Amino acid sequence: MNIINEMRLKIPSKSVNEGFARSAVASFAAQLDPTVAEIADIKTAVSEAVTNCIVHAYAGEIGMITLEARILEGGVFMVKIRDRGCGIADVKQAMEPLFTTAQGDERAGLGFSVMESFMDKVTVRSTLGKGTIVTLTKKIEQRAR
Amino acid sequence: MLRIETAQELMMVFLIGEIDHHSAKAMREEIDTVAERVRPGTLILDFSDVSFMDSSGIGLVMGRVRLMKSFGGEVKIQGAKGNIRKVMQIAGLHRVARMDDEQ
């Protein structure tokens, strides 16, 4: 699919950047003229992915998170959230609802469930000790103006 | 940000702004400080003025449900709309807290 537009954002894994990251990605996606609900879906999914990088990938340290967003032909929005943190030992288990390794921090274990509910497609590629790439895709319906 | 009102057995918490992993910690600490002193029978969490919430908000509610249970009390959720309500539905919060019917 042809790339219509793209952007890249690199931020340290500080929790104060959670709001910035989701807002920046949502602003970029606004070019597709999404509905308020679609923007909220993207914001929520990105917030979950970025929070995972901060809480899990870089637990107890600060590392860089890269977000690459693309607008593809046909109104498809795609965003990759990449970290070079600890990686996920068992991706399938990590994606199960309510599974969390952060028991003491009131984490609900619903990050991936929320991403899957709010986006059309979620793919996770992870290598232990090397990092994780989460790719979120959503088609924005083109509406008559 | 939040505003807390208490009246006898009732404690009302009006959550304001964005609830994420960054903001949730301060919110829950503020709620718990008051709740542990007042020990209310009912804790109402009002989401009317929440503009954004991810699953960190679920952790916040579940933690307060546990706290209220330890006093023999309960949590009620009101004013959750749009995506905030959707996140709550994914989590099945209606099973652990009373939710209003507002859409």
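In the predicted model, a salt bridge (a side-chain nitrogen of Lys or Arg within 4 Å of a carboxyl oxygen of Asp or Glu) links D41(A) to K86(B), with 3.1 Å between the closest N and O atoms. Across the interface of chain B and chain A, the rule finds 3 salt bridges. Residues are numbered from 1 along each chain as its sequence is written, and chains are lettered from A in the order in which they are written. Local features of this predicted model need pLDDT of at least 70, side-chain atom pairs count only at pLDDT 80 or more, and totals for chains, interfaces and linings use all residues, while side-chain values use heavy atoms, with hydrogens and water left out.

The interface brings 21 residues of chain B into contact (heavy atoms within 4.5 Å) with 25 residues of chain A. Between the two chains, 12 residue pairs are in polar contact, both residues being at pLDDT 80 or more; a polar contact is a pair of N or O atoms within 3.5 Å, where, within protein, one must be able to donate a hydrogen and the other to accept it, and residues adjacent in sequence count only if both atoms are side-chain atoms. On the side of chain B that touches chain A, at least two residues each are supplied by helix 1 (21–38), strand 3 (42–53), helix 2 (56–71) and helix 3 (82–91) of chain B. Helices (H or I, at least four residues) and strands (E, at least two) are DSSP runs, numbered from the N terminus. Helix 2 of chain B gives the largest share of this side, 7 residues. Its composition by class is 7 nonpolar, 7 polar and 7 charged residues, where Ala, Val, Leu, Ile, Met, Phe, Trp, Tyr, Cys and Pro count as nonpolar, Asp, Glu, Lys and Arg as charged, and the others, Gly among them, as polar. About 1800 Å² is buried between chain B and chain A, 51% of which comes from carbon and sulfur atoms; buried area is the accessible area (1.4 Å probe) that two parts lose on being put together, summed over both.

Chain B contains an open sheet of 5 strands in the order 1-2-3-4-5, with mixed pairing; two strands pair if DSSP finds at least two bridges between them. Strand 1 (2–7) and strand 5 (98–99) of chain B are the edges, each with a single partner strand, so one side of each lacks a neighbour in the sheet. Strands 1 and 2 of chain B pair in the antiparallel sense over 6 bridges, with M12(B) in strand 2 as the bridge partner of E5(B). The hairpin of these strands has 2 residues between them, and Q8(B) takes a positive phi near 50 degrees. Strand 2 (residues 10–19) and strand 3 of chain B pair in the parallel sense over 9 bridges, and V13(B) stands opposite L45(B) in strand 3.
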